[in-house]
Amino acid sequence: MSKPVVLDLKDATIRFGGLIAVNKVNFNIHEGDLFGLIGPNGAGKTTCFNLITGVYTPTEGDIFFKGNRINGLAPNKIAARGICRTFQNIRLFGSLSVLENVVVGGFLRHRTGLLSALAYLPPAIHETAALRVQAMELLEVLDLADVADVRSRDLPYGKQRRLEIARAMATGPELLLLDEPAAGMNPNEKEDLAETVRLIRDNFGKTILLIEHDMKFVMNLCEKIVVLDHGEEIAQGPPAEIRNNPKVIEAYLGEAV
Ligand SMILES: Nc1ncnc2c1ncn2[C@@H]1O[C@H](COP(=O)(O)OP(=O)(O)O)[C@@H](O)[C@H]1O
Ligand SMILES: [Mg+2]
């Protein structure tokens with residue numbers, strides 16, 4: 001029996017002036033999937049995340065989360081329903097500690113944005129021991145517990161990326177969107193990250209959609225992949241099919257990987 005559909009894009013489209021950044025894209029993700037979104041630079045991958053999270057509203061088409069249409073909802077409403085993301089360009093609170101960054105994630109669940117969450121932070125941090133405990137648990141999972149008190153801007157890059165994931169997890173999402181989580185990591189860090197992502201899915205029951213350029217990383221980790229090129233979906237399927245798909249090879253891979 002197949003698991004229920006969590007996310008369903010139906011002809012999702014967005015135009016910026018004359019440019020169609022995402023053009024009638026269709027894919028659906030089932031509960032517990034570890035799903036990859038790949039394609040050349042400028043293909044529309046991050047824009048898909050922006051559509052799913054409500055940063056942009058599709059100009060055509062619809063997006064459903066657990067059967068309910070979410071396009072048109074404000075980003076905080078979508079986050080509250082259980083979708084959270086990390087960013088291609090890391091967005092941490094550099095002057096806050098690692099632990100505090102994750103606690104902010106916990107607050108974000110029902111607040112309108114990062115700034116308003118931050119405004120509430122100092123008193124709340126003292127009041128909410130429970131959030132701190134939960135945050136520490138997440139840091140253990142992401143292997144960041146030993147740097148809990150370090151200012152996030154002082155962390156090495158690979159750890160900052162892991163911290164972004166910890167913070168996203170703190171919002172309690174069902175669906176986690178990771179935008180190039182392995183970018184800038186060395187091969188060892190990438191291997192550790194792949195293990196962590198798998199653990200988040202297996203032990204925490206999350207559904208995961210990730211964008212990544214490292215084909216070895218994507219092909220080893222993801223069970224299903226959708227490929228975009230110039231805003232259009234050119235293929236989807238399991239890694240073994242994608243890696244041998246002539247259209248994908250021509251548009252992106254260059255040669256079979
Ligand atoms: N807010 C925007 N206004 C105008 N063009 C945009 C905007 N956001 C993205 N684009 C364009 O949409 C295309 C897809 O961008 P993006 O989704 O960031 O690509 P990817 O993440 O696949 O590298 C690019 O041509 C980009 O310049
Ligand atoms: Mg991008």
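The structure is a predicted model, in which local features need pLDDT of at least 70 and side-chain atom pairs count only at pLDDT 80 or more, while totals for chains, interfaces and linings use all residues. Residues are numbered from 1 along each chain as its sequence is written, and side-chain values use heavy atoms, with hydrogens and water left out.

I begin with the metal. The magnesium ion, ligand 2, has Thr46 (OG1) and Gln88 (OE1) as its protein donors, at 2.1 to 2.2 Å; donors are N, O and S atoms within 2.8 Å of the metal, or 3.2 Å for Na, K and Ca. Thr46 belongs to helix H1 and Gln88 to the loop between strand E6 (83-85) and helix H3 (98-108), so the pair ties together parts 42 residues apart in sequence. Helices (H or I, at least four residues) and strands (E, at least two) are DSSP runs.

Next, Thr53. This residue sits in the loop between helix H1 (45-52) and strand E4 (60-65). Thr53 is buried, at 8% relative accessible area, where buried means under 20% with a 1.4 Å probe, protein chains only. Its side chain reaches the backbone oxygen of Phe49 at 2.7 Å.

Finally, the cores: sets of buried Ala, Val, Leu, Ile, Met, Phe, Trp, Tyr and Cys residues joined through side-chain atoms within 4.5 Å. In the largest, of 49 residues, Leu139, Leu163 and Leu210 touch the most other members. Domain 1 (1-81 + 175-193 + 206-257) and domain 2 (83-172) both contribute, so this core lies between them; the bounds come from an automatic or database domain assignment. A second, separate core of 28 residues includes Ile83 and Leu177.

Methods:
Chains are lettered from A and ligands numbered from 1 in the order in which they are written. Buried means under 20% relative accessible area, exposed over 50%, partly exposed in between (1.4 Å probe, protein chains only). A polar contact is a pair of N or O atoms within 3.5 Å; within protein, one must be able to donate a hydrogen and the other to accept it, and residues adjacent in sequence count only if both atoms are side-chain atoms.
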